[in-house]
Amino acid sequence: MKKFLCSVLLCGIAAIPAIAQGGGAAAAGAAQTPQAAPADPLSTFVKAQWGQISRNLIGSAEQMPDANFSMKLGTTPEVRTYGSLVGHVINANFLFCARAKSEASPNTTDYEKTPQTKDQLVKGMHAALDYCGPLYDSLTDSSGMMMVTPPAAPGRGPGRPYPFLQPLIQNIIHNNEEYGNIVGYFRAANLVPPSTAAAAAAGAGRRGN
């Protein structure tokens with residue numbers, strides 16, 4: 001896990017110069033003006049990733065038609081319905097962010113396994129992301145490296161300490177993995193995924209300027 005976390009952090013750091021320069025490639029032979037690095041380059045990158053996946057997840061819950069929340073891809077029993085997949089993401093956000101807070105999850109509903117309406121899942125998604133949001137908003141490179149210890153589990157002592165940033169990065173990774181599955185449901189229903197719709201809208205806006 002430590003090696004994996006380090007790899008993620010290194011990838012994030014490597015991507016920061018592109019973010020600072022607007023993500024565009026410089027024209028061949030053109031002089032490049034050195035860009036000042038953000039005060040907290042690592043946390044700046046993590047916050048940007050959180051903002052992007054949060055928007056995609058809210059859109060996933062809100063934009064899928066109610067009737068499609070019962071759809072499945074395939075016929076194997078292990079495959080989740082769309083509603084259960086959204087519920088799984090809600091549960092996971094509460095879980096990872098509770099770990100970062102070193103507290104028991106405040107979530108009292110199993111959104112994945114307890115039947116939920118679209119309205120309940122939309123509200124649950126907002127609640128989960130609102131619970132996590134302040135952790136990312138207040139993140140700095142220094143606070144991300146502070147060690148936290150999870151609360152003791154029943155029958156066991158406290159868990160091993162880990163950097164505050166670790167569960168926050170794990171949460172983003174898991175969210176992106178599951179969003180990839182969510183996109184499959186949108187495509188199967190002949191719908192445009194939220195991320196694609198947002199990119200198309202942004203492109204149209206640039207062309208209109």
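The chain has 7 helices and 2 strands; helices (H or I, at least four residues) and strands (E, at least two) are DSSP runs, numbered from the N terminus. Read from the N terminus, the order is α-α-α-α-α-β-β-α-α.

A word on where this comes from. This is a predicted model, in which local features need pLDDT of at least 70 and side-chain atom pairs count only at pLDDT 80 or more, while totals for chains, interfaces and linings use all residues. Residues are numbered from 1 along each chain as its sequence is written, and side-chain values use heavy atoms, with hydrogens and water left out.

Of the 209 residues in the chain, 37% are buried, where buried means under 20% relative accessible area, exposed over 50%, and partly exposed in between, with a 1.4 Å probe and protein chains only. Contact here means heavy atoms within 4.5 Å. Among contacts with a separation of 6 or more, 70% join residues 24 or more positions apart.

Now the helix packing. Two packed helices are described by the angle between their axes and the distance between the axes. Axes are lines fitted to C-alpha atoms, for helices over the stretch in contact, and angles run from 0 to 180 degrees between N-to-C directions.

Take helix α3, residues 82-101, and α4: their axes come within 9 Å and cross at roughly 25°. α3 and α4 are therefore roughly parallel to each other; angles under 35 degrees count as roughly parallel, over 145 as roughly antiparallel, 65 to 115 as roughly perpendicular and the rest as oblique. On the α3 side the contact includes Val-86, Ile-90 and Phe-94, and on the α4 side it includes Leu-121, Met-125 and Leu-135.

Helix α4, residues 118-137, also packs against helix α6, residues 165-188, at an angle of about 125° with the axes 11 Å apart. That makes α4 oblique to α6. Here Cys-132, Leu-135 and Tyr-136 of α4 meet Leu-168, Asn-171 and Ile-172 of α6.

Last, what sits in the loop between β2 and α6? That is Phe-164, with β2 covering 162-163. Phe-164 is buried, at a relative accessible area of 13%. Leaving aside neighbours within four places in sequence, Phe-164 is in contact with residues including Ala-100, Leu-135 and Leu-139. The C-alpha atoms of Phe-164 and Lys-101 are 8.0 Å apart, although 63 residues separate the two along the chain.
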